[in-house]
Amino acid sequence: MHDEFLCHVTAYGVCDGRRIGVPLGTYRAPTLALALWWLRDRASWIAQRLDPRPDAEHLPPGALVPVAPTAPDVPALLRAWCADPAQQERVAEELAAGRLVRIATSDDTTEYELLAESVDALRMQRTAPFVGISVG
C-alpha cells in the first residue's frame, strides 16, 4: 500500500504561440483518502470559478453570458467526475497500485489537469537501476 501522495493541479493555455502551464495548487497528501478528497475539492474549486452563480455578489450584472451549446462544458465534466463513485474508486485503485493518475479536460482555450502519484512509487523509480544508452 502506498501511504503518501503528491497531487498537482495545473491549467495549460497558449501564450505567444507557446503552451504555458500555470500551477493552481499542490498538496502532499498523507493518506489515499486525503489525496482523493483534495483532487475532488480542486476539481470543484475550478468548476465553481468557471461557472459561478449568475447572482454572485462579486460579479457585476450582465458579466456572465451563456456559452454556445457546442462549447465544452468543463465545469459540468468536473462536477460529474467528483460525483461518480465508480470514477473515485478507479482513481483510488490506480493510486494504491502506485500508478500515476491524470484527470484532464479542456475547453476552447485551456486544459485543466489534476495529477496524483504515490511518493513511494516515485522513490522506487529513483532507486531503480539506471540504464544509459550512448548515442553517437
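## Around Thr-105

Leaving aside neighbours within four places in sequence, which residues is Thr-105 in contact with? Counting contact as heavy atoms within 4.5 Å, Thr-105 touches Val-74, Leu-77, Leu-78, Thr-110, Glu-111 and Tyr-112. Thr-105 sits in strand 3, residues 101–106. Its relative accessibility is 13%, so it counts as buried (under 20% relative accessible area; exposed is over 50% and partly exposed in between, with a 1.4 Å probe and protein chains only).

## About the model

This is a predicted model, where local features need pLDDT of at least 70 and side-chain atom pairs count only at pLDDT 80 or more, while totals for chains, interfaces and linings use all residues. Residues are numbered from 1 along each chain as its sequence is written, and side-chain values use heavy atoms, with hydrogens and water left out.

Helices (H or I, at least four residues) and strands (E, at least two) are DSSP runs, numbered from the N terminus.

## Strand pairing

Strands pair if DSSP finds at least two bridges between them. Strand 1 (residues 5–15) runs antiparallel to strand 2 (residues 18–29), with 11 bridges. Along that pairing, Cys-7 is bridged to Tyr-27, and Tyr-12 to Gly-21. The two strands make a hairpin with two residues between them, and Asp-16 in the turn has a positive phi of about 55 degrees.

Strand 1 also pairs with strand 4 (residues 110–118), again antiparallel, through nine bridges. Here Val-9 has Leu-114 as its bridge partner.

## Two helices packed together

Helix 1 (residues 32–50) packs against helix 2 (residues 74–83) at about 155 degrees, with the axes 8 Å apart. Axes are lines fitted to C-alpha atoms, for helices over the stretch in contact, and angles run from 0 to 180 degrees between N-to-C directions. That angle makes the helices roughly antiparallel (over 145 degrees; under 35 is roughly parallel, 65 to 115 roughly perpendicular and the rest oblique).

On the helix 1 side, the contact includes Leu-39, Ala-43, Ile-46 and Leu-50. Helix 2 brings residues including Val-74, Leu-78 and Trp-81. The contact residues divide into 10 nonpolar, two polar and two charged (Ala, Val, Leu, Ile, Met, Phe, Trp, Tyr, Cys and Pro count as nonpolar, Asp, Glu, Lys and Arg as charged, and the others, Gly among them, as polar).
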